[in-house]
Amino acid sequence: MRLPTEPLSDLSQDLPKEAVIDMAKRIDVGGLTAYYGSHKAIEDISMTVEPRSVTAFIGPSGCGKSTFLRTLNRMHEVTPGGRVEGKVMLDGEDLYASAVDPVNVRRTIGMVFQRPNPFPTMSIFDNVAAGLRLNGNYKKAELADVVEKSLRGANLWNEVKDRLNKPGSGLSGGQQQRLCIARAIAVEPQVLLMDEPCSALDPISTLAIEDLIGELKERFTIVIVTHNMQQAARVSDRTAFFNLSAVGQPGRLIEIDDTERIFSNPSVQATEDYISGRFG
Amino acid sequence: MSHAINTKQPASTLQGARLPKWAPYVIAAGSVAAGCGIGLAGGLDSRIQWGLIAAILFVAVTYLLAAKIEGGRQAKDRIATSVVWVAFLLAVIPLVSLIWETVARGIKVLDTYFLTTSMGVLADTDVGGGIYHALIGTLEQVGLATLMAVPVGLLTAIYLVEYGRGKLAKAVTFFVDVMTGIPSIVAGLFILSFWILILGQGYSGFAGAMALAILMMPVVVRSTEEMLKLVPNELREASLALGVPKWRTILKVVLPTSIGGITTGVMLAVARIAGETAPVLLLVWGNPLINTNPFEGPQASLPLYIYQQYANSAGSPAAYDRAWAAALTLIILIMVLNLVARGIARWKAPKTGR
Ligand SMILES: Nc1ncnc2c1ncn2[C@@H]1O[C@H](COP(=O)(O)OP(=O)(O)O)[C@@H](O)[C@H]1O
Ligand SMILES: [Mg+2]
């Protein structure tokens with residue numbers, strides 16, 4: 001229980017912008033179990049995600065990678081029937097404590113989805129500005145700067161700087177995904193969650209996003225779900241392998257370790273089988 | 001010459017005998033001619049009979065010819081196509097003839113005098129007079145009904161799609177379904193007993209507008225609900241993941257994405273109530289004089305005007321002309337509203353392309 005005398009953290013109130021210098025934060029997950037209604041999707045997952053690093057989640061489809069990722073910024077409870085047990089600590093603060101507002105959690109922990117999903121009614125500029133505008137706390141004069149900075153951060157500025165007022169849906173798939181990344185980093189989150197961000201993209205766009213991830217990890221803590229082993233090996237510092245014992249059973253974390261170790265000398269046989277394709 | 005194309009190849013398996021492109025038109029023309037011929041020869045009075053004979057001939061001849069020349073599968077294809085065409089014509093003919101009739105008869109007295117004059121002290125059998133009072137009544141009553149029904153309907157739909165879970169949502173859905181089926185006279189009687197008989201209020205445009213709002217609300221709820229369901233969940237999640245509160249997400253992302261469809265739905269609902277006569281008859285009462293205040297005293301409305309011109313005039317041609325012209329005005333009014341709605345829908349629709 002949170003004591004009333006305890007000073008309120010930045011999750012329980014509006015974010016103090018100036019206080020954020022080192023934006024990346026550590027995530028500690030303890031004994032996390034998530035349900036869809038009565039269906040237990042993942043069970044008893046514990047891990048640590050290091051700040052300013054890239055952590056990759058790999059594992060077969062349906063083992064709960066997306067579900068677990070969505071529990072990290074409380075998007076899981078948006079799904080009807082979505083329910084979580086256990087702890088997710090962001091720099092020592094429990095995201096699921098009763099005083100915590102999920103809206104603030106999501107401002108702190110951003111998310112990029114599998115399919116690019118720019119807002120269809122908005123221009124490129126408005127898409128990037130959406131987070132600030134919709135949250136209502138921004139200064140008009142700063143907006144253009146933030147948009148430019150975010151688009152540069154997403155390596156998209158040069159491609160769109162002449163068409164900022166055109167609809168975002170007119171971009172290619174890879175550009176749209178980078179637009180979504182720009183939109184996510186415009187609100188200055190501390191952690192960025194990416195759920196198979198490249199699975200709908202061609203190899204060139206994929207490479208562009210992978211480069212981008214390499215740059216972003218200087219500033220953010222990044223968690224990425226991927227089905228592509230090479231991608232996990234290329235971009236991540238740590239890799240977590242998820243698996244489920246049978247269809248219908250909840251997914252579990254099998255192991256998490258440095259990426260090099262996972263791909264060269266994993267400590268669990270199932271991981272090696274999965275990585276080398278001898279799976280199932 | 002060893003590479004010359006062999007002209008004696010076996011017939012391609014991809015090609016088969018086909019009826020020429022113009023065949024359907026010729027068959028159609030032939031069937032119509034035959035239908036008229038048979039009708040004349042057989043002394044059939046009804047043009048509908050002639051048309052039906054032509055339609056049956058068209059379908060049958062197409063099928064037989066295709067079966068003979070093209071084979072069974074194509075014949076079935078042809079029969080489906082020709083039945084669809086015949087059905088289309090059957091649906092369009094009454095519609096076109098209705099509009100034709102209304103325009104032809106209504107245009108006679110429809111002019112600015114007609115639009116800007118009331119019936120005043122004119123007897124219903126006299127020549128002259130106009131619909132100004134009825135036009136004002138319709139616009140005010142429909143406007144008031146829209147003001148009442150749209151906010152409630154929108155909010156109900158938003159509740160059902162975005163928040164509604166469990167028993168309450170099921171109950172609301174059920175009642176909306178029931179309301180969709182309420183006959184307009186029942187809505188009118190409800191307001192009559194509640195507003196006029198129990199609360200002791202008088203006849204007024206507002207009383208009619210309340211009944212119209214009851215009729216309009218379920219239509220708005222239903223169409224808005226469908227439109228909101230079409231908004232991809234990914235957009236809601238994208239917004240929520242940016243740390244946008246749910247109500248703002250609905251206001252700034254969900255509604256703008258679906259505003260085009262919602263507008264169209266509202267306009268359809270407006271069109272539905274603009275032609276209602278029964279509740280207006282019960283609650284607004286009708287008034288040959290101009291009454292611009294919808295909250296006090298009887299008013300007129302276009303459908304009521306049409307009905308009264310027909311019913312109270314003992315067959316006077318002048319009154320019939322006015323009724324047709326008023327009907328034409330009502331159709332034009334609704335058409336303009338629809339066009340405006342389409343314009344808004346297109347203007348507000350999610351933008352695509354570069
Ligand atoms: N919206 C949902 N409603 C109910 N069950 C779901 C939902 N999304 C996922 N699941 C279930 O949760 C489990 C994990 O799914 P998911 O997290 O999407 O796996 P992954 O991303 O690893 O492919 C699966 O058994 C899936 O059927
Ligand atoms: Mg997934």
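In this predicted model, B:Arg105 is partly exposed, with a relative accessible area of 37%; here buried means under 20% relative accessible area, exposed over 50%, and partly exposed in between, with a 1.4 Å probe and protein chains only. Its partner is B:Glu101, and the two side chains form a salt bridge with N and O 3.0 Å apart. A salt bridge is counted when a side-chain nitrogen of Lys or Arg lies within 4 Å of a carboxyl oxygen of Asp or Glu. B:Glu101 is partly exposed too, at 32% relative accessibility. Helices are DSSP runs of H or I with at least four residues, strands are runs of E with at least two, and both are numbered from the N terminus.

Residues are numbered from 1 along each chain as its sequence is written, chains are lettered from A and ligands numbered from 1 in the order in which they are written, and side-chain values use heavy atoms, with hydrogens and water left out. As the model is predicted, local features need pLDDT of at least 70 and side-chain atom pairs count only at pLDDT 80 or more, while totals for chains, interfaces and linings use all residues.

Over all chains, the structure holds 25 salt bridges. Side chains of opposite charge can pair when their charged atoms come close. Another pair in chain B is B:Arg222 with B:Glu225, at 3.3 Å from N to O. These residues are three apart in helix 8 (residues 205-230) of chain B, so about one helical turn separates them. B:Arg222 is partly exposed at 26% relative accessibility, whereas B:Glu225 is buried at 6%. A salt bridge of 3.2 Å, N to O, also joins B:Arg272 and B:Glu276. Here B:Arg272 is partly exposed at 33% and B:Glu276 is buried at 13%. Returning to B:Arg222 and B:Glu225, shared partners link them with B:Asp177 and B:Lys229 into one network of salt bridges.

The next topic is the meeting of the two chains. How many residues does each chain bring to the contact? Chain A brings 31 and chain B 22, where contact means heavy atoms within 4.5 Å. The area buried between them is about 2300 Å², with carbon and sulfur atoms giving 63%; buried area is the accessible area (1.4 Å probe) that two parts lose on being put together, summed over both. Two salt bridges run between chain A and chain B, and B:Glu237 forms a salt bridge with A:Arg70, the closest N and O atoms being 2.8 Å apart. On the side of chain A that touches chain B, helix 2 (102-108), strand 6 (109-112), helix 3 (124-135) and helix 6 (173-186) of chain A each give two or more residues. Helix 3 of chain A gives the most, with five residues.

Finally, ligand 1 has residues of chain A around it, including A:Tyr36, A:His39, A:Lys65 and A:Thr79; a residue counts as near if one of its heavy atoms lies within 4 Å. A side-chain N or O atom of A:Tyr36 is 3.3 Å from a nitrogen atom of ligand 1. Backbone N or O atoms also approach oxygen atoms of ligand 1, at 3.4 Å for A:Cys63 and 3.1 Å for A:Gly64.

Conventions. Polar contact = N/O pair within 3.5 Å; in protein donor to acceptor, adjacent residues only side chain to side chain.
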